[in-house]
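Below is a short briefing on one protein model and the two ligands placed in it.

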Amino acid sequence: MSLDWGYTDDNGPSTWAEKYPLAAGARQSPVDIDTSKATSDNSLVDREIDWSYPSNCSYRIVNTGYGWRVDTYGDDTALSGGPLSEVYKLEQFHCHWGATNDEGSEHTVDGKSYAAELHLVHWNSEKYSSFKEAASQPDGLAVLGVFMEIGNADNAELEKIISLIPKIIHKGQDSQASFDLDFGSLLPESKHYWTYLGSLTTPPCNECVIWTVFKEPITISERQLEVFRSLKSVGEEDAIEPEEGKLVKNYRPPLPLGNRVLRECGP
Ligand SMILES: CCCSc1c(F)c(F)c(S(=O)(=O)NC)c(F)c1F
Ligand SMILES: [Zn+2]
């Protein structure tokens, strides 16, 4: 069964606008972060970006066919400050990666790619009554982007998620788990970031995201990244060869920033 969209030559990012016209919009993500174009904004410093996540929660991890996604039950989560005028709740987090370690992030910095990029997706629960409604509004979602670079050691917090991946190798499989997750360890120590107005980086590419991309990467080991690449984009019932259907990459290359403002907080 052919996918409506994906990351192969036949259905990849260059074809998305044929079925998802928003993908051709002027407020698309990701972008290349040209650091020479970033402008400092004291209002970002005055209202420090702040988050609160539970240390222990039950989560659902699912193979979407485009990667893994951890659904959080965001009642006692909160993201505020920085570029945000309201309080946002965490809906889910997921990751984008490439076939080799020299590609994989969606945002790039002065043309440099990282090996992967973690996205924590929040929705404006102060203004809107559901995630679905928020995803259709220009200030509906707030996504934290965290670059991931290869390190020698495993990332202990990510390992709690990665250990569940063998249970969701095929599209549509999911696993319920209750574990302590220190979200703080999934975010860099430095709160320095770039921010701009953008979109979902996957179809339907709604232009509903206030992006906050942290300057400091976190680390992931090569072994952990290989586990990501073992996920399959097809269901267990799809009879294919063992090496076929592997999700070796799921990133969208950068789109033009155009006349959008790119602001930064911190050097
Ligand atoms: C209607 C959206 C379904 S939830 C979702 C998602 F599945 C996704 F992949 C991204 S992303 O664009 O890839 N990363 C920021 C999102 F932002 C999301 F909100
Ligand atoms: Zn994403």
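Histidine 96 counts as buried, at 3% relative accessibility; buried means under 20% relative accessible area, exposed over 50%, and partly exposed in between, with a 1.4 Å probe and protein chains only. This is a predicted model, in which local features need pLDDT of at least 70 and side-chain atom pairs count only at pLDDT 80 or more, while totals for chains, interfaces and linings use all residues; side-chain values use heavy atoms, with hydrogens and water left out. Residues are numbered from 1 along each chain as its sequence is written, with chains lettered from A and ligands numbered from 1 in the order in which they are written.

**Zinc site**

- The zinc ion (ligand 2) is coordinated by His94 through NE2, His96 through NE2 and His119 through ND1, at 2.0 to 2.1 Å.
- Donors are N, O and S atoms within 2.8 Å of the metal (3.2 Å for Na, K and Ca); water is not among the atoms, so sites may look incomplete.
- Along the chain, the donors of the zinc ion follow the spacing H-x1-H-x22-H.
- Histidine 94 is buried, with a relative accessible area of 14%.

**Ligand 1**

- The residues around ligand 1 are Gln92, His94, His96, His119, Val121, Phe131, Leu141, Leu200, Thr201, Thr202 and Trp211, each with a heavy atom within 4 Å of the molecule.
- Histidine 94 places a polar side-chain atom 3.1 Å from a nitrogen atom of ligand 1.
- For histidine 119, a polar side-chain atom also lies 3.1 Å from a nitrogen atom of ligand 1.
- Threonine 201 has a backbone N or O atom 2.5 Å from an oxygen atom of ligand 1.
- On its own, ligand 1 has 440 Å² of accessible area, of which the protein covers 79%; accessible areas come from the Shrake-Rupley method with a 1.4 Å probe, and for residues only the protein chains shown count as cover.

- Strand β12 (residues 193-198) is largely enclosed by the rest of the structure, because five of its six residues are buried.
- Helices (H or I, at least four residues) and strands (E, at least two) are DSSP runs, numbered from the N terminus.
- β12 pairs with strand β13 (residues 209-214) in the antiparallel sense over six bridges; two strands pair if DSSP finds at least two bridges between them.
- In β13, tryptophan 211 stands opposite tyrosine 196.
- β12 also runs antiparallel to strand β15 (residues 263-265), joined by three bridges.
- Glutamate 264 in β15 is the bridge partner of tryptophan 194.

**Helix α5**

- Helix α5 (residues 222-229) has Gln224, Leu225, Val227, Phe228 and Arg229 as its buried residues.
- The cover over these buried residues includes β5, β7 (88-97), β9 (116-124), β10 (141-150), α4 (156-162) and β14 (218-220).

- Serine 175 sits in strand β11 (residues 174-180) and is buried, with a relative accessible area of 9%.
- Leaving aside neighbours within four places in sequence, serine 175 is in contact (heavy atoms within 4.5 Å) with Tyr59, Arg60, Ile61, Leu164, Lys167 and Ile168.
- Threonine 64 is in the loop between β4 (56-63) and β5 (68-71) and is partly exposed, with a relative accessible area of 24%.
- With neighbours within four places in sequence again left aside, threonine 64 is in contact with Arg69 and Lys171.
- A polar atom of the threonine 64 side chain lies 3.0 Å from the backbone nitrogen of tyrosine 66.

How values were computed
Polar contact = N/O pair within 3.5 Å; in protein donor to acceptor, adjacent residues only side chain to side chain.
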